[in-house]
Every structure is written in C-alpha cells, then in structure tokens.
Amino acid sequence: MSRIGKKLIAVPGNVKITNEGSKLTIKGEKGELTRSLHPSVALSVKDGFIHVTTSINNKKTDALQGLTRSLVANMVTGVSAGFKKDLEVSGIGYRASVSENTLTLTLGYSHPINYDLPVGVTATVDKNNVISLMGIDNELIGQTAAKIRHLRPPEPYKAKGVKYAEERIKRKAGKTGTK
C-alpha cells in the first residue's frame, strides 16, 4: 500500500464534502472545487477525516491512491486557506504591474508582455518586482507561475529574469580576461 495514500486527511468544520460516484465536490469559505476520481479509488468520510482506499492492491492502484490523497488534501487546503506563490523579477529595467486580471511585464524585450490571468487566480505586485499569485487551486497556481517564469527564465550569469521566490540560481563565472 501507498504510505502517503494511507494518511488520513483532516477536514475543517467549515468544509463540506460531496462524493457522488466518481465526482468529488469540496466547498469551503474561499470557494468550491470539483474533481473526477479514478474508478479504482474510493473515498470515505468519517468523524471529520477523509480516508482514501483502493479496490485492488497493485503498483498502479497504490500510486493512484497516493496521488488521489494528495489531490484531495490540496483541495481541502485550497477551499479553507488558499494557496500563494511568489515570483521575483530581477534585472535592470525589469518590472511588473497588474490591472484587473492582466499582468503587464517589462522583461527586456522591445515590447511589454501582457499576460491574462486565468479565472480563479489573482495577482498582486509589490515594489514593481515581486509578484504574488493567489487562489484556491494549487495546480492552477503552479501552472500559472510556471508560464510566467517561462516568459524570461533566469540566466546563470547575472540571474536576470523571473524566478520563484524560494528558487536559488546556480551562478556561473563570466569570461576571464586573456592576454
């Protein structure tokens, strides 16, 4: 059995769970998330905890059990507390700004880049170079952050570009003068 899949998921009091066949819906104070589950994985809710079980014990269903448990735990955390991911823009003249649901980035190209944020993701910008993405869907927040980072990944010589706040860039030495 999967070690992660065996862990119980604690459900806060303000979260409501509806499991109809293979469709799982979780509602909380921040919003509502829905996901379809694999047929070989079953959920049971007892005494404020969610338990994920499988009908067959083999490697594939054990992996699905652990995956399902992680996804459901992220759904519960998202609707109760939400998720936040920070990005840093570094470089001379590099900056970011947000208006409504459009993120405008100046990243050293000849034109500013307008990135439309997906539904369910909000952004704030601090000091023109720290972008905070917030929402209830962890998968959507991570995908949005990866797409923004992909617009100008950090380079190893001066570390200019867009990077995750917790990311450490492995720096390279530049050219050395030769005679």
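In which strand is the place of Asp86? Asp86 belongs to strand 7, which covers residues 83-90; strands (E, at least two residues) and helices (H or I, at least four) are DSSP runs, numbered from the N terminus. The model is a predicted one, in which local features need pLDDT of at least 70 and side-chain atom pairs count only at pLDDT 80 or more, while totals for chains, interfaces and linings use all residues. Residues are numbered from 1 along each chain as its sequence is written, and side-chain values use heavy atoms, with hydrogens and water left out.

Along the principal axes, the C-alpha atoms fill a box of roughly 70 × 45 × 25 Å. The accessible surface, computed by the Shrake-Rupley method with a 1.4 Å probe, comes to about 11200 Å², and 51% of this belongs to carbon and sulfur atoms. Of the 179 residues, 33% are buried; buried means under 20% relative accessible area, exposed means over 50%, and partly exposed lies in between (1.4 Å probe, protein chains only).

Apart from neighbours within four places in sequence, Asp86 is in contact (heavy atoms within 4.5 Å) with Ile131, Ser132, Tyr164 and Ala165. With Ser132 there is also a polar contact of 2.8 Å between the side chains. The term polar contact stands for a pair of N or O atoms within 3.5 Å; within protein, one must be able to donate a hydrogen and the other to accept it, and residues adjacent in sequence count only if both atoms are side-chain atoms.

Leaving aside neighbours within four places in sequence, Thr54 is in contact with Ser40, Val41, Thr61 and Gln65.

Loops come next. Gly108 lies in the loop between strand 9 (102-106) and strand 10 (113-116) and is exposed, with a relative accessible area of 51%. Beyond residues up to four places away in sequence, Gly108 touches Tyr94 and Arg152. Arg152 also has its charged end over the ring of Tyr109, 4.2 Å from the centre. Likewise, Lys85 lies over the face of Tyr164, at 5.3 Å from the ring centre. A charge sits over a ring if NZ of Lys or CZ of Arg is within 6 Å of the ring centre and within 35 degrees of the ring normal.

Most residues other than glycine have a negative phi. Glu100, however, has a positive phi of about 55 degrees although it is not a glycine. Glu100 lies in the loop between strand 8 (95-99) and strand 9, and counts as exposed at 82% relative accessibility. Asn128 is another non-glycine residue with a positive phi, of about 65 degrees. Its loop runs between strand 11 (121-126) and strand 12 (130-135), and Asn128 is partly exposed, with a relative accessible area of 46%.
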